[in-house]
Amino acid sequence: MIPEKPEPSVLDYLKALLTPWRGPAPEIPPLAVDDLSEEQPFLVNEGERLAGPGFFDWLSRNVALLVFILALIAQFFLEPPRRSWPIGLGFYAVSLVFLLWSLWKRSWSLPTIPQPVEKTYSFDVHRTPLYFGLPLIMLSFLLFSGNRYTDLNLLAWLATGLAFLAALWLPDKNGLPVWQRLRSWLTKREWQLRITPWHILVVLAVLLAAFFRFYHLAQVPGEMFSDHAEKLLDVADLINGQHKIFFERNTGREDFQFYLTAVVANLFGTGLSFLSVKLGTALAGFFTLPYIYRLGKEIGSRWVGLFAFLFAGVAYWPNVISRVGLRFPLYPLFAAPLLYYLIRGIRRSDRNDFIKAGIALGLALHGYSASRLLPVLVLAAVAIYLFHRQSSGKRTGTLWALVVLVLISAVVFLPLLRYWTENPVAFGFRAFSRLATTERPYPAPVGLIFLENLGKSLIMPFWDDNNIWVHSVINRPALDVITAALFFLGLVLVIVRYFRKHDWVDLFLLISIPLLMMPSILSLAFPEENPSLNRSGGAYIPIFIIAAIGLESLISSLLAQTRSKGGRAAVAGLTLVLFVISAGMNYDLVFNQYSEQFLNGAWNTSQIGEVIRGFSESTGEADHAYVIPYPYWVDTRLVGINAGFPLKDYALPADQISTTVAIDAPKLFIVNPSDQAAQDTLRQVYPLGREFLFAAGREGKDFLIYSIP
């Protein structure tokens, strides 16, 4: 006779919760019918709810909708201008209580994580290409000296990468190689096109995301600032043959954006212009979305993937950092495939996915400097996995796959690694200017600054994204009302699911948010720059996936309460309405609020450029137009870019105005209305000149035009 297992005590349950890596917590046995008194309204047995009469029965049937409405009200009170954090926090607390109550009563079911088909780790290595790859990597490293790409070092680098791929890539033993499958598909006598409702939904989602990324791209944002001048001058250097690995202008930048912009400028014929840099970064933001979909599908379902795709496609946060024309979207562009292949590789014990993750990590390090903390994310994922029961019997294989990932990422990073060894100060200056005391001392104890930065970043989706007008609508939550409420629901569900199921993916998904925000959190010398949407850009990937988990679970809970076609249609209609309202809110944030705010903050160099362009096309020449510099006014290099002469700086100091007298041709001077000294000099040197005030249509942006016939 097999002895019965002793019933777990409360202490056993608590110990299991505090040590999740040892396995799941013991199940709490259901109450027996005989143990319930007549006054108890509920009977819970194996997840089934027996409804009692009255208010609690109604509440159990409608608790999902109630929880969501309470979360919406909470977030409504955190929106400007009616912000009241005590009221918002109070409604969120009530929503949390009802959500936990419904989970306890099993009237709200937890979403599940699909279990993948696992492979067995292989330690096989093709030795011949490996023997070629080891000396090639040393040769490539040496050839990348001098901060230049050349035909020779690029060829050696390519050969190194191919050698390591040939040595480490595992062929699919159960299928044909890719090239054979492609040839078989191309040689078919006829092709069949199968369209399902799901395909139509995906196409509509792609079109909606494309609209939000590219609509009015030339107008929003409408002006450049000094960073754009630096970028376009670097692109000009590149086009003129300076194939740099690290671009040292303006404290230094990695190379990816400059080569991307050069390709875009040539491919679309946009030249050295604001539109070229914006188009490149908008494309980067758009091509982040497929991997958000794939990651959501991997750890949730295709609905989670589609919802996350839509949230990220219409949301103002990724849209703004993709439109501004700086390197910001390169962070999530490579973080998304890194997360997807890393999580999938760990879950499926697939070394090839680790290789793909290594390629994504190496490319990320060529993008935005915030990506330099992504190796910490990789190590955190592997460490979390190794401390959970899912890694049993696979720890050695996972560590071997991690070595492969590091090796492949090092090969891709090789050019910048060489530059780093030659110029460590220049390579790390910008990052250390925020992290360390390179530019100024810490304004408070560093530990206190870190904790305050961490707290501000974590509440940013619900409360405040700071006051940096360049890449955010200032002093508002990073998410719209609906997405923030769903993110709250998703957070609670993922946390509860982790304590019930102890799946490492849930814990990593939660921890990845602050880790991906760390480039902003570590702004210790300049804490006023935290939080920031740009340096936290990678964090929107798990945030939108968690919001999608919240929406899918909400829909599932609502559908579970109705079996009629009308009820299901109502749930589908509610889902559509939520997305329409969310899209409308984000449209207003980007194309109205952000656009207006940006134009009010940036100087109107486009209008000055138009005036000079008109002058050069009518009575004068471009070389005979000048802008008199004035403190904290326009960047005169941007005037040349907007005028169609991107390599010309139109600055002429006021004390050099008299040097233009010898030019026997019409001349044009642009002057700040507050620059009285320049005006006096112009009137003295050119008493017959004509003076006009250009009304810019924005407060403080008017400028004076002096026309000399």
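# A tour of the predicted model

The protein carries 59 positive and 54 negative side chains, and the centres of the two sets are 8 Å apart. Here Lys and Arg count as positive and Asp and Glu as negative, with His and the chain ends not counted; each charge is placed at NZ of Lys, CZ of Arg, CG of Asp or CD of Glu.

This is a predicted model, in which local features need pLDDT of at least 70, side-chain atom pairs count only at pLDDT 80 or more, and totals for chains, interfaces and linings use all residues. Residues are numbered from 1 along each chain as its sequence is written, and side-chain values use heavy atoms, with hydrogens and water left out.

**Select the whole protein.** Along the principal axes, the C-alpha atoms fill a box of roughly 110 × 70 × 65 Å.

Colour by secondary structure to find 26 helices and eight strands. These are DSSP runs numbered from the N terminus: helices are H or I of at least four residues, strands E of at least two.

Now show the surface. Of the 709 residues, 51% count as buried, meaning under 20% relative accessible area (1.4 Å probe, protein chains only).

**Select arginine 347.** This residue belongs to helix H14, residues 330–348. Arginine 347 is buried because its relative accessible area is 7%. Show its contacts (heavy atoms within 4.5 Å): leaving aside neighbours within four places in sequence, they are Ile113, Pro114, Pro116, Glu118, Glu298, Trp504 and Val505.

**Select leucine 386 next.** Helix H16, residues 374–386, contains leucine 386. With a relative accessible area of 18%, leucine 386 also counts as buried. Beyond neighbours within four places in sequence, leucine 386 contacts Ser391, Arg395, Thr398 and Leu399. To leucine 399, 13 residues apart in sequence, the C-alpha to C-alpha distance is 9.1 Å.

**Finally, colour by pLDDT**, the predictor's confidence in each residue, from 0 to 100. The mean is 90, and 91% of residues reach 70 or more. Select residues 28–53: the pLDDT there is below 50, and the stretch has 34 contacts in the model beyond near neighbours in sequence. Where pLDDT is low, the predicted coordinates should not be read in detail.

Note on methods
Buried means under 20% relative accessible area, exposed over 50%, partly exposed in between (1.4 Å probe, protein chains only).
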